[in-house]
Amino acid sequence: MRRNLAPFMFLLPVAIMFGTFVLWPISRSIYLSFFKWDGLGDMAWVGVANYVKLFTGDPDFWLSVTNNVRWLIASLLGPVLGLLLALFVSQPIAGMRAARSLFFLPFVLSAVVIGLVFSLVYDPYNGVLNTILGSVGISRFAPLSDANAATYAIIVASLWPTIAFCMVVYLTGLTNLNSEVIEAARMDGAGGGVLLTRIVLPQLSPATSIAFTVTIIGALRSFDLIAVMTKGGPYGSSKVLAYLVYEETITNYKIGYGAAIAVVLLVLTSAYTGLFLARSSKMGR
Amino acid sequence: MSLGLFPAPIASGRSRRIYTIVLWASLAIWLLPLLAIIATSLRGADDIARGNYWGLPTQWKFVENYLTVFTNTPLLQYAFNSAVIVVVVIVGCLTISSMAGFAFAAYRFAFDKLMFVLLVAGNFVPSQVLMVPVRELMIGLGLYDTIWALILFHMAFHAGFCTLFMRNFIRELPHELLEAARVDGASELRIFLTIVLPMVRPALAALAVLLFTFVWNDYFWALVLVQDVSAQPITTGLQAVSGQWVTAWHLVSAGSIIAAVPPVVVFFLMQRQLVQGLTLGAVKG
């Protein structure tokens, strides 16, 4: 193989696959968002009408955005609790490796399994939640059937694998700490709190960056748990943008409109991706 | 001593014993939802009907429940579909990604930075923006509603992340080896096959575990690209089955455990590789 042709030959399969199934679809969706189309009949050019309707005349859109914001804020707990968990499981005792693996377990479960597991937890008659509430005298409560609580109930379920993921990211960060600096600080009499905030946390910033970025982008993209646990209900109160795209496209046959929502979602996640890429190339790859 | 570690190891023996108890208790609470599902899958229908979820089971129906799930539902077919999809995706994706990773790591060529950024950014794209066009493509290719639709898509989509990972890994390899082989007159293909590939086995192992988890647990694309029982993977299959069995929690739980077991087993067998995979590829940049 010629030296100057080689890189292109090696790159070709990925270029074809990725170009066909990821890059082309993005541009096609952007294109579709300027049309009104039910997928079967003719496509009608409507310019930016879909976007205008979205921002000015669609309460579902704003409800979904609000829920995405709730997801975003709540997801910030992921890295925080993940760090605490990582610190918690950092003692050199027997069986610690097994304990860590078990804490990580939720990450390898699928959304369907997590959704079913938490549906059982939230079951108003026999779930863990109501059993505990009942034992302290609080009356029965079905979070997934409550329009005010459903989104939060799903977010709690999503934090289970998220915290596990952040824990692993921080565990790796903790193994790469500069022990000389810590030792010197301890000799100088620094206590745990000061050590954590002034010395350890700054050294953990690559891990923190990853933990927050993945978690935040995940919160913006969340779909599976909502589809499995509530299908956007009750009364559409738990919808998020990703689910709205699915509903408008598949259930309501509004291809163009769904594409417009998807493009909005793309812009939001691209903003974060851009921030992350800029920051990580500044940190020196 | 371990002054340079953070957090500091607990010194006193009594504190260590208390810590160990707290650790395992926390783990039990952390995994409580999963333990509840496992326990529920062992119960008989009578217990479920009478609401006996937390007491000792009056009937031990371990074998019967799981057998019922296998014989009365297509869950076995679903699991088989998932297995085929996962294996083909892993082999295909790792092949094309190691080639592409080699291309980025070993050569400088026109637009290499741009192409690489596209591959990385593609990771963070929300699936919904790809939904309609990918479906159009699969229908056009005659692959809609077959496992090949899922195989091709996952191979293409995950190639982005896998290429990034392989490129980072290959960059760390000693390039003198490659140069020496070139001087000896070896073709680029031979260099790739005989020198690079054997040295990247740990990276391939890490990616294989990650791919297994992501592809086995995928729900959204199974929902979008496949309807027929003969082609459905276990995620949407389990969701469909539990929709039919709304109150039969013992059977739904058994189905969930069956769906959850393969990634859990793969995870425990290959933990080291999985953790390396999650953090190496991400932290390195």
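Modeller: In this predicted model, A:K239 counts as buried because its relative accessibility is 7%, below the 20% limit for that class. The side chain of A:K239 meets that of A:D60 in a salt bridge, with 3.1 Å from N to O. A:D60 belongs to helix α3 (residues 59-75) of chain A, whereas A:K239 sits in the loop between α12 and α13, so the pair ties together parts that are 179 residues apart in sequence. A:D60 itself is partly exposed, at a relative accessible area of 25%.

A:K239 also forms a salt bridge with A:E247, and here the closest N and O atoms are 2.9 Å apart. A:E247 is buried, its relative accessible area being 16%. Through shared partners, the salt bridges join A:D60, A:K239 and A:E247 into one network. Over all chains, the whole structure holds 6 salt bridges.

The loop between α12 (224-229) and α13 (241-251) of chain A is also the place of A:T230. A:T230 counts as buried, with 14% relative accessibility. Apart from neighbours within four places in sequence, A:T230 is in contact with A:L144, A:I154, A:L225 and A:S238.

As for the setting, chain A has 14 helices and 2 strands, and 55% of its 285 residues count as buried. Among contacts in chain A between residues at least 6 apart in sequence, 65% join residues at least 24 apart. The mean positions of the 18 positive and 12 negative charges of chain A lie 8 Å apart.

How values were computed:
Residues are numbered from 1 along each chain as its sequence is written. Chains are lettered from A and ligands numbered from 1 in the order in which they are written. This is a predicted model: local features need pLDDT of at least 70, side-chain atom pairs count only at pLDDT 80 or more; totals for chains, interfaces and linings use all residues. Side-chain values use heavy atoms; hydrogens and water are left out. Helices (H or I, at least four residues) and strands (E, at least two) are DSSP runs, numbered from the N terminus. Buried means under 20% relative accessible area, exposed over 50%, partly exposed in between (1.4 Å probe, protein chains only). Contact means heavy atoms within 4.5 Å. Lys and Arg count as positive and Asp and Glu as negative; His and the chain ends are not counted. The place of a charge is taken as NZ of Lys, CZ of Arg, CG of Asp or CD of Glu. A salt bridge is a side-chain nitrogen of Lys or Arg within 4 Å of a carboxyl oxygen of Asp or Glu.
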